[in-house]
Amino acid sequence: MPPTTPAPAKGTLKAAKPIPVSQQLCGIEYSPKGDMLVAGTFEGGIRRWKVTPAELTDLPPLAGHNAWVQCVAFDSKGERFFSADSWGRVNAWSADPVQTKPLWSVADAHSTWIHAMAIHPKAEFLATAGRDNIIRLTDPATGKEIRRWEAGDDVLAMTFHPSGLSLITGDLHGLIKEWDHSTGKLKRELNAKQMFLHDRLQDVGGVRCFAWNADASMLFAGGCQPKSGGFVQGFNLVIGFDWVSGQAKMNHKTTNEADGYVLDMHWNPDGFLMAVTSGQPGQGKLIFLKPGEAQPFQSYPVPNAHSLAIHPDGKRLFVSATNANSSGNGRQLGKDKEYPANTSPLHGFEFVG
Amino acid sequence: MARSPLCTPRDHLLSRRQWLGATALAGASALAVNPLTIAAEAKKKGKQVLFVWLDGGLSQLESWDPKPNTPFGGPFRAIPTSVPGIHISELLPNSAKQMHHLALVRSLCTQDNSHSAGVERIQRGDPKNRGVTYPYFGSAVAKLLGSGDSGLPPYIHVKPLSGGFMPKDAGFLGPKFGALALGDGKAPDNLLRPETMTAEEDNERNELRNLVDQRYAENRRTNTMEATRYVFNMAAQLQKRRDLFDISTYSPKDVERYGKHEIGRHMLIARRMLEAGVTFVKVSSFGWDTHGDNFNGQGSLVPQFDQAFAAMISDLHERGMLEHTLVIAMSEFGRTPRINGHLGRDHWPEAWSLAMGGTGIKKGAVVGKTNDKGTFVATDEHDIGHLFHTWFRALGIDPKKTEYDNEGQPLPIAHEGCKPLTEALA
């Protein structure tokens, strides 16, 4: 989730021509000043773009990671951003586009894949978690470890309460845990087990993203109600919890088992959720959903949409997706008989009028 | 390798020539050409096979042939193994410690990218088409090596879901060489004599059944009746070995080591079957077709296989059983290097891997290599026919000198256009 809440968005959403990106991307994020867009890649890199209302301009990419850089996030002042990879490394970077060396780097923050990262609202902590079932609190200024504790499961999503008083994790088995980050003690659990299925040998699903509403009275958890492993068919699922009582007050589930996961969500101050989904290859949407309403009031097809970045003006957004025809059993080759790679075009949208 | 769906006169000529050659050799050395004699030799050595089948397609990139930090490499690291220079996926830490007992083939390039064709073709060894259905490897071994002295069926298949007798595996060998499938590792249904029936009553019933069978057989095909009798005899043998199915006798330590998950339980049952002397034990695991969310999927699946497989290799070694047991772990194909929009990998027969070990296999060998991105085989490609040659050789069966006799039609036991991977043989 963005460190600052974007301004309300009004008007009609207009789609721009997708911007080609030659790599597959993980998460994307706007800087709080709205002048930079960053994204982690599948190849251990970070892509950066200078943002103007008219265009995106490539900035030099950043090296210093391995494999998948799934997590990127700016602090609230927009002076630094942080990144985490699937080999357990966490880096801090200057938001100055000229700087290409990390401010600090911790190679073994985790022993394996970091799935989730969150920044304390006052930038007091950087929290990371992943496949090693560990939650690590880091000093954002130095990279020094402040605290670590057992999460009890593979954490796939993470957020701080906007008050900064607690840390919330969502795990593979569909449990949402509220932690006292000053002690590492579990405060309570919320049940999102609809998001988990054990199919044959495979643990499928899990809580994949969080969003808060404007006054933090509701926590929304996004994921999938899985129907099978393997292909991972399942229905988009968003559960909205009343934060005080912990009761589920909203349950948005689609009816097409090819819809797959809700992978990223943001709250729009006009009172709705903006979310992206990715299911079977080619299936994906940008949806706008009001709590209490059964169906999204707007839905745009975007093939396999993985991440959503909202400009702080609230009017512009980017969705990182996947090229069409991304699947393929067998021997398909490109035009020049080269082996084809997939890419992550950036789909830009703008509220107009 | 070009494939024709039809047999050609040349195929028949080759086969006949091989048969004539074999017959000529028989004059010089009956031992060399008589499959039964060869099988007897192998039997003396007590050769056995453990065949682990990961149905749907294990990703080579998340197992035996990782390409970390490349565009298709995925999120996981490669880790060193007990053999210097060999690295495998971090999802296989236990198998990495057993690598000195294993060999890897990283140059598989096979023909089918669909499950329906691939499962059959791979497990039947993809021989030249002569209008007959070849046996699965398990049935082939059951035929060539027989039951040994255990009195147990030569081919047992531990699998999820339902069990029963699976004659289709046997192809032209006839239903007798099919697999006895233990659904979820359990004894076949109704195996035990009901408590209300005495042993004498059971014997009388069986005698009556034999009489009726004989009369019924007079106008029936021999192999059909053989199979019928075989199944009843098999049931009788299994009744004597009901202890094999008593899971309460497994040590809690072993249950922990192998894992309480399905593949762990099934592998432990397989170990008991091998210890009891079953010639060919197949363990199937379903659910490896990770077209979506492949990396979380493999992250869930592979460690379970790793735990059970490594425990089995360790135990077979400690018991001295790797000296006479061939172990193979494989699927019908690998998975695409390309990562689709659902973060899955699709079917990829062009460049994939398997692991094997035990009798006749060179420890710590790696056959073949894929290119830097793992997209294609960079060395000689190997089809399943090469593996069948290799495995038969490892079991002491010479595919050049051994043929099936399909009611008078001599048939090679492995594709004549292929040869063993000598660098994988001890």
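**A tour of chains A and B**

Begin with chain B of this predicted model, where the centres of domain 1 of chain B and domain 2 of chain B, taken over C-alpha atoms, are 33 Å apart. To colour the two parts separately, select residues 29–189 together with 244–424 for domain 1 of chain B, and 190–240 for domain 2 of chain B. Where these domains touch, 12 residues of domain 1 of chain B and nine residues of domain 2 of chain B make up the contact. On the domain 1 side of that contact in chain B, the residues divide into eight nonpolar, two polar and two charged.

Next, bring chain A into view and turn to the interface between the chains, in which 38 residues of chain B are in contact with 40 residues of chain A. Selecting α10 (262–275) and α11 (294–318) of chain B shows two helices that each supply at least two residues of the side of chain B that touches chain A, and α11(B) gives the largest share of that side, with five residues. Sorted by class, the side of chain B facing chain A holds 10 nonpolar, 20 polar and eight charged residues.

Now move to chain A and select strand β12, residues 134–138, which is mostly covered, since four of its five residues are buried.

On which strand does the partner of A:I134 lie? Select β13, residues 145–150 of chain A, which pairs with β12(A) in the antiparallel sense over five bridges; A:E150 in β13(A) stands opposite A:I134. The hairpin formed by β12(A) and β13(A) has six residues between its strands, and its turn includes A:G143, whose phi is positive at about 85°.

For the last stop, stay in chain A and display the open sheet of four strands, ordered β24-β25-β26-β27 with antiparallel pairing. Its edge strands are β24 (261–268) and β27 (298–301) of chain A, each of which pairs on one side only, and the twist from one strand to the next averages 15°. Within this sheet, select β25 (residues 272–278) and β26 (residues 284–289) of chain A, which run antiparallel and are joined by six bridges; to see one such pair, pick A:L273, whose bridge partner in β26(A) is A:L289.

Notes:
Residues numbered from 1 in each chain as written. Chains lettered and ligands numbered in written order. Predicted model: local features only at pLDDT ≥ 70, side-chain atom pairs only at ≥ 80, totals over all residues. Domains from an automatic or database assignment. Contact = placed C-beta atoms within 7 Å. Nonpolar A, V, L, I, M, F, W, Y, C, P; charged D, E, K, R; others polar. Buried ≥ 20, exposed ≤ 12 C-beta atoms within 10 Å, placed from the backbone. Pairing = 2+ DSSP bridges. Axes fitted to C-alpha atoms, helices over the stretch in contact; angles between N-to-C directions.
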